[in-house]
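Morning, everyone. Today I want to talk about salt bridges. Please bring up the model.

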Amino acid sequence: MFSDRSNWRLTPNALSSLLKAKKADGVRILDLTESNPTQAGFRYNTEEVLAALAQPQSTVYEPSPRGLWKARRAIADYYGEQGETIDPDSLFLTSGTSEAYTMLFKLLANPGDEVLIPQPGYPLLTYLAELESLHYIYYPLRYHQLSGWSIDLDVLEVVITPKTKAVVLVNPNMPTGSYIKGHELAALDGICSKYNLALIVDEVFSDFGWGETPDRVKTMVNHSETLTFVLSGLSKIVGLPQVKLAWIVISGNPDLRELAQDRLEMITDLYLSVGTPVQHGADLLLRQRKAMQQQMLSRIADNSQFLKERFAQAANAGVLKVEGGWYGVVKIEDHLSDEQRVLQLLEQDNTLVHPGYFHEFDQEGFIVVSLLTPVETFLEGISRIVSRFVHS
Ligand SMILES: Cc1ncc(COP(=O)(O)O)c(C=O)c1O
């Protein structure tokens, strides 16, 4: 009856079963995985958000495969404020980045083809690829004590086959918080050109960078080499995942770009999935971003500072270097598996974190926490983790 690609193992894992049981018993959980900004105690300008979505023009339906010009203009202006001039015609609106990924997979690959994805990485990518009947192949990111994360370009090149169609780059990557560097991008362009690959670059966290890495690439919306599709959207930029507005910006080789735009227009015309009110509201919603990003960045700074301080004296644990994004990664060395550690923490300390394997870390010993977690919860939860697993 059902397709092979929807043949997932849907039984709850031990962590989600335990969480459900605890919640049913009314236990207060310190949830250090909270990354839904609308549930994390930020102050939204509710009136402005609602006014943006309730404009009279929204009662008229004007189907537009790329999205209404007004919304694309507002997004182009957002990039313009960062010194990036983009043509609104290179922009396609979608209802979320997941939808953008699936449209690009349809555009670039046949069933059975392959896409390269980062490891560790964003857990939805494997599902999104498989739902389009594609195979995903990991390329590794490596951690270096002094310099942080880098892409293992040698392995990336080795795993390419004649069926490989695209490289997915998440910039900064989730959950490692690492940006691609200029020299890595130059090498990646060389590889993409040699094997005729497109780049899909997820930049949803690119406004959330900090620290000093001068060579980092903040955005690839004006990339001039490889055919490049940048994804972003309001869910992170303005902390509004519920309004469902994301986009694709196409750049790179002009001839390929034209062809890609024509084909993508056909795909988006079949869906026309973005609601009219959010398209009319895009400019006003984007204007909220400074106030929202300020709050989020300040929370992230406080939480990451605390995280570093709490692990500073640890003999068997440490916080990994991050350059941006919403997540912190902690490495703990002991005899426990990831599974045992997160279960113990939830069972005994009522504290929830994500194990490294959720993000395909290829070794045991990592936990991932959301730096958007409300500060009090974060401080208490991290203190419980330190008390349980860390010695100095
Ligand atoms: C790397 C990455 N891309 C995309 C998304 C989701 O974006 P959207 O809400 O636009 O689908 C997330 C959400 O956590 C993410 O971590």
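**Salt bridges across the chain**

Start with Glu157 and Lys194: their side chains meet in a salt bridge, N to O at 2.8 Å. The term here means a side-chain nitrogen of Lys or Arg within 4 Å of a carboxyl oxygen of Asp or Glu. This pair links distant parts of the chain, 37 residues apart: Glu157 sits in helix α6 (residues 153-158), Lys194 in helix α7 (residues 182-195). Helices are DSSP runs (H or I, at least four residues), strands likewise (E, at least two), numbered from the N terminus.

A word on the basis. This is a predicted model, where local features need pLDDT of at least 70, side-chain atom pairs count only at pLDDT 80 or more, and totals for chains, interfaces and linings use all residues. Residues are numbered from 1 along each chain as its sequence is written, and side-chain values use heavy atoms, with hydrogens and water left out.

Now, buried or exposed: what is Lys194? Exposed, at 57% relative accessible area. Glu157 is partly exposed, at 25%. Cut-offs: buried is under 20%, exposed over 50%, partly exposed in between (1.4 Å probe, protein chains only).

Next pair: Lys181 and Glu323, 3.1 Å, N to O. They lie 142 residues apart, Lys181 in the loop between β6 (164-170) and α7, Glu323 in the loop between β10 (317-319) and β11 (327-332). Lys181 is buried at 10%. Glu323 is buried too, at 5%.

Asp349 is buried, at 12%. Arg388 is partly exposed, at 33%.

There is also a network: shared partners join Glu81, Arg289 and Lys290. The whole structure holds 16 salt bridges.
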